[in-house]
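Welcome to this short tour. Keep your viewer open and follow along, selecting residues as we go.

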Amino acid sequence: MPSSTGSRWTTVWALERREFVLHYQPKANLSSGAITGVEALIRWQRPGEGLVPPDKFIGALEDSRLIVPVGAWVIATACEQLAMWDRMGLPDMSMAVNLSARQFREPDLAQQIAQLLSTNGLAPHRLELELTESLLMEDNELSRKTLIGFAQVGVCVAIDDFGTGHSSLAYLKRFKVDTLKIDRSFVRDVPHDADNCAIATAVAALAHSMKLSVVCEGVENIEQVEYMRTLGCDAIQGYLLARPMPADSLAGWLRRYRAGDEALNAWRKSSTTTADPAGTRHLHAVPGHTGSRSKAA
C-alpha cells in the first residue's frame with residue numbers, strides 16, 4: 001500500500017469524496033444467543049485499493065483534526081442506519097460507536113447526540129458510546145460535563161479495551177458506566193493461557209460486582225465461548241459469530257441467523273459442560289450478582 005495512504009491530504013479528499021464507509025459487527029447474548037446489538041466500524045473504500053483498515057488512517061485523521069467531522073459522520077450514519085433497520089422490521093438492537101479523544105472533547109457533543117437520536121426517533125439507551133480508559137481518566141471539568149451530559153441524554157457508555165490502558169478504577173464509581181469490554185488481547189489463548197484467564201476472570205468479577213455488563217471481544221473459537229460463559233459474561237463479539245459487514249449484508253445475515261441457519265448458529269450448540277483446561281471455572285462466582293445495569297440483553 002502506498003505510503004500516502006494515511007497522509008493528511010488523502011484523508012481530506014476521502015472525506016470530500018465520501019469514501020469512508022461503515023461496516024457493522026454483531027454482538028450476541030451469551031446465554032440466549034440473541035443478537036443484541038452491533039458495533040459500527042469505519043473503513044476507507046479507497047479507489048484502486050479496496051477497503052483500507054482504520055489503523056492505516058485514523059492517526060492521520062487525529063493529527064489533522066478531521067477525526068471530529070469524520071466522527072460526527074460516523075455517529076449520524078450509524079443512527080440513520082439503525083432507524084432504517086427499524087423500518088425494515090429487523091429486531092430491536094443497540095448501536096455502538098467509538099469516540100476519539102478529540103471528539104470527546106467537543107463541548108456540545110452530548111447535545112449533538114441528543115439531536116441525532118431525536119431526529120431518527122431512537123430511544124437513547126439504544127446508542128452505546130465506547131470510550132477508552134485514558135479518556136475517562138482525564139479528570140477535568142470538560143470531561144465531567146460531557147459524561148454527565150451522556151447520562152442526562154440517556155445513552156449507554158462502554159469502556160473499550162478494558163485493562164489495556166492506564167489503570168484507575170475510581171472512574172467506574174465516579175461516572176455512569178454500563179459495560180466493560182474485555183480486550184481481545186486477554187481473550188486470545190483463553191483458556192490455555194493462565195495469565196489471560198486470570199485477567200479475564202478479574203475483569204468479569206469486577207464488572208459483575210458493580211452491576212456492569214461484560215462483553216468479550218475477539219472471540220474466535222468455541223473454547224473461548226465456553227470459558228467466557230463460565231465467567232458469567234453477558235455477550236460476545238468476534239469472528240466466531242461474524243466478521244464486520246456492510247449494512248445491507250447485515251440485514252440478510254440477521255434474517256438467516258434468526259431463521260436458525262445451521263452454520264451461523266453453530267456456536268450456540270456448544271456444550272456448557274466442556275472441560276476446563278485452565279482449572280479456573282470456579283473463579284467466576286460473584287455472590288449477589290443479579291445482572292447488568294445496562295439495557296436488557
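Start with helix α12 (residues 247–258), which holds both tryptophan 253 and tyrosine 257, four residues apart, or about one turn of the helix. Keep in mind that you are looking at a predicted model.

The structure holds six aromatic pairs. Show the side chains of tryptophan 253 and tyrosine 257: their ring centres are 5.0 Å apart and their planes lie at 20 degrees, so this pair is stacked. Are these two residues buried or exposed? Tryptophan 253 counts as buried, at 5% relative accessibility, and tyrosine 257 is buried too, with a relative accessible area of 3%.

Now select Phe20, Trp44 and Phe57, which ring pairs link into a cluster. Next, pick tyrosine 239 and arginine 243: the arginine lies over the face of the tyrosine ring, at 3.8 Å from the ring centre.

## Last stop: the largest pocket

Finally, turn to the largest pocket, where about 900 Å³ of space lies. To find its centre, select Glu39, Leu41, Pro54, Asn98 and Asp160, the closest to it of the 36 residues in the lining.

Which element gives the most to this lining? Colour β2 (35–46) to see it: β2 contributes five residues. Other elements that each supply at least two residues include α3 (67–87), β5 (127–131) and β6 (156–162).

Definitions and conventions: Residues are numbered from 1 along each chain as its sequence is written. This is a predicted model: local features need pLDDT of at least 70, side-chain atom pairs count only at pLDDT 80 or more; totals for chains, interfaces and linings use all residues. Side-chain values use heavy atoms; hydrogens and water are left out. Rings of Phe, Tyr and Trp (its six-membered ring) pair if their centres lie within 6.5 Å; planes under 30 degrees apart count as stacked, over 60 as edge-to-face and the rest as tilted. Buried means under 20% relative accessible area, exposed over 50%, partly exposed in between (1.4 Å probe, protein chains only). A charge sits over a ring if NZ of Lys or CZ of Arg is within 6 Å of the ring centre and within 35 degrees of the ring normal. On a 1 Å grid over the protein atoms alone, a cavity is a set of points where a 1.4 Å probe fits but cannot get out, and a pocket is an open set with protein on both sides within 12 Å along at least five of seven lines; lining residues have an atom within 4 Å of a point. Grid points are joined across faces, edges and corners, and a volume is the space filled by probe spheres set on the points.
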